Amino acid sequence: MAERFCRRCLAKEMPDAEYYRNMYDYILHLDEDIRTPEESYEKRLAACKECDSLLNGMCRVCGCFVEMRAAVEKNHCPAVHKKW
């Protein structure tokens, strides 16, 4: 039987987190000019984890990995009723 995981988990919380390492490398190396401050980033991710549109680390509204969208300060939640 395949291993099951939480449908509303972030990519880093999934069993194959190693697969997503390049995404985290990208986030870590974003220019400070465009990166979301850490406190705001964590708040954004917390809002995403409460959202019914989060599925396997991806936003079902736009198809992005929420960790990447949230990491860039100018980005916003793509939902009609924005969470952040």
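The following questions and answers walk through a predicted model of a protein.

Colleague: What percentage of the residues of the protein count as buried?
Modeller: A residue is called buried when its relative accessible area is under 20%. The accessible surface of the protein comes to about 5,900 Å², and 51% of that surface belongs to carbon and sulfur atoms. Of the 84 residues of the protein, the share that counts as buried is 33%.

Colleague: Why do the buried residues of α1 line one face of the helix?
Modeller: Helix α1 covers residues 21-28, and its residues Met-23, Tyr-24 and Ile-27 are buried. When one looks down the axis of α1, these buried residues line one face of the helix because they fall within an arc of 95°.

Colleague: Which residues are exposed on the other side of α1?
Modeller: The buried residues of α1 have a cover that includes α2 (38-50) and α3 (66-71). On the other side of the helix, the exposed residues are Asn-22 and Leu-28.

Colleague: Which residues is Tyr-41 in contact with, leaving aside its neighbours within four places in sequence?
Modeller: With its neighbours within four places in sequence left aside, Tyr-41 is in contact with Ile-27, Thr-36, Glu-67, Ala-70 and Ala-71.

Colleague: Is Thr-36 buried or exposed?
Modeller: Thr-36 has its place in the loop between α1 and α2. Not counting residues up to four places away in sequence, Thr-36 touches Tyr-41, Arg-44, Ala-70, Ala-71, Val-72 and Glu-73. Its relative accessibility is 4%, and therefore Thr-36 counts as buried.

Colleague: How many Å apart in space are Thr-36 and Glu-73, from C-alpha to C-alpha?
Modeller: Among contacts in the protein between residues at least 6 apart in sequence, 57% join residues at least 24 apart. Thr-36 and Glu-73 are 37 residues apart in sequence, while from C-alpha to C-alpha their separation in space is 4.2 Å.

Colleague: Is Lys-74 buried or exposed?
Modeller: Lys-74 is found in the segment after α3. Lys-74 and Thr-36 are 38 residues apart in sequence and, from C-alpha to C-alpha, 8.0 Å apart in space. The relative accessible area of Lys-74 is 73%, so this residue is exposed.

Colleague: Which residues that line the largest cavity are the closest to its centre?
Modeller: The structure holds one cavity of 30 Å³ or more, and the volume of the largest cavity is about 100 Å³. Of the 15 residues that line this cavity, the closest to its centre are Cys-48, Cys-51, Cys-59, Val-66 and Cys-77.

Colleague: How many Å apart in space are Cys-9 and Cys-48, from C-alpha to C-alpha?
Modeller: Cys-9 is found in the segment before α1, and at 11% relative accessibility this residue counts as buried. Along the sequence, Cys-9 and Cys-48 are 39 residues apart, whereas in space, from C-alpha to C-alpha, they are separated by 9.2 Å.

Colleague: Which elements give two or more residues to the lining of the largest pocket?
Modeller: About 180 Å³ of space lies in the largest pocket. The residues that line this pocket include Tyr-24, Ile-27, Leu-28, Thr-36, Glu-38, Tyr-41 and Glu-42. The elements that give two or more residues to its lining are α1 and α2.

Colleague: What value is the phi of Asn-56 near?
Modeller: Asn-56 is found in the loop between β1 (54-55) and β2 (58-59), and with a relative accessible area of 30% this residue is partly exposed. Asn-56 is a residue other than glycine, yet its phi is positive, with a value near 55°.

Notes. Residues numbered from 1 in each chain as written. Predicted model: local features only at pLDDT ≥ 70, side-chain atom pairs only at ≥ 80, totals over all residues. Heavy atoms only, no water. Buried < 20%, exposed > 50% of the residue type's maximum accessible area, 1.4 Å probe, protein only. Helix = DSSP H or I, 4+ residues; strand = E, 2+ residues; numbered from the N terminus. Arc of directions from axis to C-beta. Contact = heavy atoms within 4.5 Å. Areas by Shrake-Rupley, 256 points an atom, 1.4 Å probe, with all protein chains shown as cover. 1 Å grid on protein atoms, 1.4 Å probe; cavity = no way out; pocket = protein on both sides within 12 Å on 5 of 7 lines; lining within 4 Å. Points joined across faces, edges and corners; volume = space filled by probe spheres on them.
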